[in-house]
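Here is a set of exercises to work through with the structure open beside you. Try each task before you read its solution.

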Amino acid sequence: MSFRRTRALQRLGTFQSPKPSINPQTFIDARIVKTGFDPNTCRSNFKVRDALQRGDLSHARGLFDEMPQRNTISTNLMISSYVKAGNISDARGLFDAMVQRTAVSWTILIGGYSKNNEFGEAFKLFAEMNRWGTEPDYVTFATLLSGCSELDSAIEVVQVHAHIIKLGYESTLMVCNSLIDSYCKTQRLDLAHQLYEEIPRRDTVTFNALITGYSKDGLNDEAIKLFMEMQNSGHKPSDFTFAAVLCAGIGLEEKVFGQQVHGLVVKTNFVRNVFVGNALLDFYSKHDGMVEARTLFDEMPELDGVSYNIIITGLAWNGQLKESLYLFRKLQFTEFDRRQFPYSTMLSVAAVTSNFELGRKIHTQAIVTTADSEILVANALVDMYAKCGRFKEANSIFSDLSQRSAVTWTAMISAYVQNGLHEEGLKLFNEMRRANVGGDQATLASILKASANLASLSLGKQLHSSIIKSGFMSSVFSGSALLDMYAKCGSLRDSLQTFQEMPKRNPVSWNALISAYAQNGDGEGTLRSFEHMVGSGFEPDSVSFLSVLTACSRCGLLDEGLNYFNSMTSVYKLVPKKEHYASIIDVLCRGGRFDEAEKLMARMPVEPDEIIWSSVLNASRIHKNQEMAMKAANQLFNMAELRDAAPYVNMSNIYAAAGQWDNVGKVKKAMRERGLRKTPAYSWVEIKHKVHTFTANDKSHPKMGEIRKKIDALGMLMEKEGYEPDTSCALHNEEEEIKAESLKYHSERLAIAFALISTPEGSPILVMKNLRACTDCHAAIKIISKIVDREITVRDSSRFHHFRDGFCSCGDFW
């Protein structure tokens, strides 16, 4: 029975019902009905995608517009293509016309705004997405955060973070990495570090984001510690890791660190990566390692435009201008983007060397490639033309700029100041402030230099206040510029206070202090500061030695000067430059050791120039060594170019002092034939924020009557103190009485007399003179300081003279 039933069941299992007849033209898949799928729309989408893949966006748009029915995929395709093409306007137009939008639609357009660095618009769209009730996914969050690069977007990032936690994506690594990166970019490193500590899992991207954040914010030690933690945790570094940690290494000022990273780069086989190679090039070029940088550049298997930019800029910064220019010319024959060439660097080279022709050629190339519209290049153009003395062209470019940053203004201001047009620089600085453009440290340094050269102590103190308000006092750069300003205004006390208040000191600040003592004729202070610098662990450089030798020259420290000069090579392995030779020759000549000076000039590796022979001539005048004076004068008179008529004037004065009036006439005739004119002597003094200028025997000042009365009154008191005019300083062939009368009205005496009648009793007086003060005025001012019981400071072309109680700080040696 059971057997029969089994057979029956088997027969039943093999039974097949007859198949219904199906017409293929009327066949419809149930899934098509269920999903609303349209084969025609699908085919049209494929055609649109095909056109887009061929890069024919306009044809794709035509196909899209002809579609009888479109779906979300169709519109998303077009929006995505417009976003990739950078056409956000058309992408937004299509998006706004959509009836149904998916999370993908929102994410694509958010990504477009993020890519265009429009995080504000991206965030608005994200907020609108939430109002529409469309839930963002982890891709939306990562896409939105990728565009966050604005410092003032920290609040929005925190709000996005809250949404991420609400929707449960706080453990998604991609989202966490994007959040850390965004917090770093908005300078909320505290929140970035907190999130880093809290996330359950990390990868290389996590470490890269935080290392980069630390590095960009100057927290170099933290960046390197995190790099070490990354190594210890077993995460492999990427090219971005090496770039970030090398950037942090730049701030450490230790070349050995970069060399260690270089070793790791080789070990991990990233040495062939051009991105990492460029980071190494940048590190070496900023650590006085141009030999290593050039070797690496020559050995790199792949170079790009950035590689050339870094090496060319590095060479230029390190003074290797010819090599920099050579590589720039070599770059011309590559296929790299010409718009990205280092035009600003080459324009700076032209500016530094005053090579107007080179600058003009670079400008032409920048115009052809439209690179001149970039603000960095425009700033360099302004700087180049101004430093080449082409202020008309510089002003033209400056005026045409639609946007002028602090850098642009500073380029013009510093050019005016460097060309000696200090008042014009100050006027431009005032225009900059009226335009509500805040200056940076470089701006303030240029204006401090202008106020120093004008001896405007009141302006310098105003700038000091601005530096404090701007928060730049902690900067060594600003502090050193401020110290130098006070020194050049004769206020050594304020210079020392500024130095003592510096939170950090480096070789630049020490050099500024050494120079301050040297400028004010304090030889002991100069040498003491130099030794303190060495004792503090800082290595003196060529600038340090130049200040020391200058002080030795001005203070008659002959043996000390020779010892320091010799120590440059024997102790510190520094090669003396032309200016060091000029200083030590001046030391020898002022000490009357002309034979030694001649021997040194014969064996030094550079040819004696106008500066060196002028110092020999000046020392010959002091020591009344007419033979040596004639030798120096002949060398100067035979030079193809001279800066001014000073050598002729000096020689004329030597003959006049000796009473050789025929020779005086010959020298003056030779000067006229050469087309040179004596620079008129003038002095100036600042009273109540206004500068008053005087020339010898000046009668133009509105208070000249009162000034002359003061001079006459002082003259009577000076006679009682034993003053006798030194008529040898009146270098004219006239009667002694006329000579003595003319000495009374030298420009510095007029300035001092005006200051005496215009300022409260007992207040200090600061007078500037463009030329060297004569010995008679020097003697007279010593006595005046005693009579009026005031400190009188005179800065002439040679040095500062601080007169008090009948004595001068120079000890009558200048």
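**Exercise 1. A hairpin and its turn**

Task: Find which residue takes a positive phi in the hairpin of strand 1 and strand 2.

Solution. Step 1: the hairpin of strand 1 and strand 2 has two residues between the strands. Step 2: in this hairpin, K688 takes a positive phi near 50°. Strands here are DSSP runs of E with at least two residues, and helices are runs of H or I with at least four, numbered from the N terminus.

Before going on, a word on the model. It is predicted, so local features need pLDDT of at least 70 and side-chain atom pairs count only at pLDDT 80 or more, while totals for chains, interfaces and linings use all residues. Residues are numbered from 1 along each chain as its sequence is written, and side-chain values use heavy atoms, with hydrogens and water left out.

**Exercise 2. From the hairpin to the sheet**

Solution. Step 2: E686 has V691 of strand 2 as its bridge partner. Step 4: here W684 has M768 as its bridge partner, and V685 stands opposite V767.

Task: What is the strand order of the sheet, and which strands are at its edges?

Solution. Step 1: the sheet is open, with six strands in the order 2-1-3-4-5-6 and mixed pairing. Step 2: strand 2 (690-695) and strand 6 (807-808) are the edge strands, each pairing on one side only. Step 3: strand 3 and strand 4 (residues 792-795) pair in the parallel sense over four bridges, with V767 opposite V794. Step 4: strand 5 (residues 800-804) pairs with strand 6 in the antiparallel sense over two bridges, and R804 has F807 as its bridge partner.

**Exercise 3. How enclosed is strand 3?**

Task: Explain why strand 3 counts as largely enclosed by the rest of the structure.

Solution. Step 1: buried means under 20% relative accessible area, exposed over 50%, and partly exposed in between (1.4 Å probe, protein chains only). Step 2: five of the five residues of strand 3 are buried, so the strand is largely enclosed. Step 3: I765, V767 and K769 point one way, L766 and M768 point the other way, and all are buried.

**Exercise 4. The surroundings of S285**

Task: Is S285 buried or exposed, and what does it touch?

Solution. Step 1: S285 is in helix 17 (residues 274-285). Step 2: its relative accessibility is 5%, so S285 counts as buried. Step 3: a polar atom of the S285 side chain lies 2.9 Å from the backbone oxygen of D282. Step 4: leaving aside neighbours within four places in sequence, S285 is in contact (heavy atoms within 4.5 Å) with M290, A293, I310, G314 and N318.

**Exercise 5. Placing Q519**

Task: Where is Q519 found, and how far apart are Q519 and Y745 in space?

Solution. Step 1: Q519 is found in helix 31 (residues 507-519). Step 2: at 15% relative accessibility, Q519 counts as buried. Step 3: Q519 and Y745 are 27 Å apart in space, C-alpha to C-alpha, and 226 residues apart in sequence.

Terms used:
Pairing = 2+ DSSP bridges. Polar contact = N/O pair within 3.5 Å; in protein donor to acceptor, adjacent residues only side chain to side chain.
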